[in-house]
Amino acid sequence: MVKQIAQQFFDWIKEAGPTGGDAYDQERIDEVDSFLFSGTEERGPCPIPLAPGEEALAIAHSNEISEALCDLMDEEVCHQQGWWYDEAGNLHLCNGPQLVV
């Protein structure tokens with residue numbers, strides 16, 4: 001269920017297309033992060049329509065949703081350009097070995 005919710009967020013982010021040289025619209029990513037990680041009083045509405053119960057599940061599993069969303073974005077970028085960098089700055093080739101830069 002977590003991966004399905006992450007996929008819905010990913011599809012919504014991807015819908016906006018690339019912006020400002022980034023592969024994804026940062027404003028939409030920020031909206032998702034704000035929804036998942038804001039405190040109860042600061043949290044705005046969910047940026048996408050979720051089925052009953054999914055909104056609470058997304059908030060309860062925000063870290064897993066965020067990780068799955070990052071994985072989906074990395075996968076997509078990897079398919080588009082054939083490589084990606086991880087948070088440590090290591091270069092990864094899709095379907096190939098990891099290269100440390």
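Helices, in the sense used here, are DSSP runs of H or I that span at least four residues and are numbered from the N terminus. In this predicted model, valine 2 lies in the helix called α1, which covers residues 2–15. The secondary structure of the protein amounts to four helices and three strands, and, read from the N terminus on, these elements follow the order α-α-α-α-β-β-β.

**The protein as a whole**

- Of the 101 residues that make up the protein, 33% count as buried.
- The accessible surface of the protein comes to about 6,500 Å², and carbon and sulfur atoms account for 50% of that surface.

- Valine 2 and serine 66 are 64 residues apart along the chain, while their C-alpha atoms are separated by 9.6 Å.

**Helix α3 and glutamate 54**

- Glutamate 54 belongs to helix α3, which is made up of residues 54–60, and, when residues up to four places away in sequence are not counted, glutamate 54 touches Met1, Ile5 and Gln8.
- Although glutamate 54 is buried, it has no salt bridge; the nearest side chain of opposite charge is that of arginine 43, which is 15 Å away.

**Two cysteines**

- Cysteine 46 has a relative accessibility of 15% and therefore counts as buried, because the cut-off for a buried residue is under 20% relative accessible area.
- Cysteine 70, by contrast, has a relative accessibility of 35% and so counts as partly exposed, a class that lies between the buried limit of under 20% and the exposed limit of over 50%.
- Where a disulfide is taken to be a pair of cysteine sulfur atoms within 2.5 Å, the count for this model comes to zero disulfides.

- Tryptophan 83 has its place in strand β1, which covers residues 83–85, and its relative accessible area of 35% makes it partly exposed.
- Together with Tyr85 and Leu93, Trp83 forms a nonpolar patch on the surface, and the accessible area of the three residues together is about 290 Å².

Terms used
Residues are numbered from 1 along each chain as its sequence is written. This is a predicted model: local features need pLDDT of at least 70, side-chain atom pairs count only at pLDDT 80 or more; totals for chains, interfaces and linings use all residues. Side-chain values use heavy atoms; hydrogens and water are left out. Buried means under 20% relative accessible area, exposed over 50%, partly exposed in between (1.4 Å probe, protein chains only). Patches are made of residues with over 30% relative accessible area and no salt bridge: like charges are joined within 9 Å, nonpolar side chains (Val, Leu, Ile, Met, Phe, Trp, Tyr) within 5 Å. Accessible areas come from the Shrake-Rupley method with a 1.4 Å probe; for residues, only the protein chains shown count as cover. A salt bridge is a side-chain nitrogen of Lys or Arg within 4 Å of a carboxyl oxygen of Asp or Glu. Helices (H or I, at least four residues) and strands (E, at least two) are DSSP runs, numbered from the N terminus. Lys and Arg count as positive and Asp and Glu as negative; His and the chain ends are not counted. Contact means heavy atoms within 4.5 Å.
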